[in-house]
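Here are my notebook entries from a look through this structure.

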Amino acid sequence: MGVAIRTAGEDDRELIVRLLDEAFQDDPVSGWVFPGAEYRRTTHHKLMAAFTDVVLADGRIDVTEDGSACALWMSVPAEEPDAGDSGAGDPAGDDGFARTRQDVDPDNERVELIGRLTADIHPSGRAHEYLWMIGVAPGRQGEGLGTALIGSVLDRCDREGRAAYLEASNERSRRLYERLGFEAAGQPLSLPDGPSMWPMWREPRSTATGSPALPEG
């Protein structure tokens, strides 16, 4: 049975923020940005809200019809690297990282740092779809919802000859993304005193193939 998917709108903002907050509470990178379970429970949702607002404004959020899973995508154009460009992870401009920190948690430098570090490793010079985040409600993981969400975009990438990019936040997700055709795009990003992230690039496939189960964070 297929998974019904639609494009989220402004009316879905609270749903998306809540879904991402729940899905990433135990993620290693979220734990690094917001160390401590209680701190994370009370603050993490603010960063998810900031991400949601950026993608609602400048990208696209796909959500399952029942609201149990969502994927945040940004279309990144082909352009030459520019020293003044702050990267695809900061579409609001060069000071967007600092503004995000002020809006989310002014005393937490890691809120700003995570954006700068991921922007620094983001590929440039070729158009691609950027999977910023994909989240599945904890009680619904393992049902193939994440696979359906990302698969619909990867199928379009294959038809249009367009690449895709993401950063895997743990070893398990990295291995599963590899099964979807993603490959390492440079060295892992080692967060200071924290976990690693793996930049991954996927070339379009010339023929359709079945998609294995996707990691659902």
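**Entry 1: charged pairs**

I began with Arg162, which forms a salt bridge with Glu129; the closest N and O atoms are 2.7 Å apart. I count a salt bridge when a side-chain nitrogen of Lys or Arg lies within 4 Å of a carboxyl oxygen of Asp or Glu. This one links distant parts of the chain, as Arg162 sits in the loop between H6 and E5, Glu129 in strand E4, and 33 residues separate them. Helices (H or I, at least four residues) and strands (E, at least two) are DSSP runs, numbered from the N terminus.

Is Glu129 buried or exposed? Glu129 is buried, with a relative accessible area of 2%. My cut-offs are under 20% relative accessible area for buried, over 50% for exposed, and partly exposed in between, with a 1.4 Å probe and protein chains only.

A note on provenance: this is a predicted model, where local features need pLDDT of at least 70, side-chain atom pairs count only at pLDDT 80 or more, and totals for chains, interfaces and linings use all residues. Residues are numbered from 1 along each chain as its sequence is written, and side-chain values use heavy atoms, with hydrogens and water left out.

Next I looked up Asp66, which forms a salt bridge with Arg140 at 2.9 Å between the closest N and O atoms. Here, too, distant parts of the chain are linked: Asp66 is in the loop between strand E2 (60-64) and E3, Arg140 is in the loop between E4 and H6, and they are 74 residues apart. Asp66 is partly exposed, at a relative accessible area of 48%. Arg140 counts as partly exposed as well, at 27% relative accessibility.

Then came Asp53 and Arg13, a salt bridge whose closest N and O atoms are 2.6 Å apart. Asp53 is partly exposed, with a relative accessible area of 34%, and Arg13 is partly exposed with 29%.

How many salt bridges does the structure hold? I found 16 salt bridges. Some share partners, and in this way Arg6, Asp12 and Glu65 are joined into one network.

**Entry 2: strand E4**

In E4 (residues 128-136), 9 of the 9 residues are buried, so the strand is largely enclosed by the rest of the structure.

What runs alongside E4? Strand E3 (residues 69-76) is joined to E4 by 8 bridges, and the two run antiparallel; I call strands paired if DSSP finds at least two bridges between them. One example I checked is Ala69, whose bridge partner in E4 is Val136.

E4 also pairs with strand E5 (residues 163-168), in the parallel sense over 4 bridges. Tyr130 stands opposite Tyr165 in E5. I noted that E4, helix H6 (residues 145-160) and E5 make a right-handed β-α-β unit. Right-handed here means that, with the strands pointing away from the viewer, the path from the first strand over the helix to the second runs clockwise.

**Entry 3: rings**

I searched the whole structure for aromatic pairs and got 6. Rings of Phe, Tyr and Trp (its six-membered ring) pair if their centres lie within 6.5 Å; planes under 30 degrees apart are stacked, over 60 edge-to-face, and the rest tilted.

Phe34 and Tyr39 have ring centres 5.7 Å apart and planes at 75°, so I logged the pair as edge-to-face. Phe34 counts as buried at 0% relative accessibility, whereas Tyr39 is partly exposed at 27%.

For Tyr130 and Trp132, the centres are 6.2 Å apart and the planes at 15°, so that pair is stacked. Both residues are buried. Phe51, Tyr130, Trp132, Tyr165 and Trp201 form one aromatic cluster.

**Entry 4: cysteines and totals**

I looked for disulfides (cysteine sulfur atoms within 2.5 Å) and the search of the whole structure gave 0. Cys70 counts as buried at 0% relative accessibility, and Cys157 counts as buried at 1%.

Last, the totals: the protein chain has 7 helices and 8 strands. Buried residues make up 47% of its 217 residues. Of the contacts (heavy atoms within 4.5 Å) with a separation of 6 or more, 72% are between residues 24 or more positions apart.
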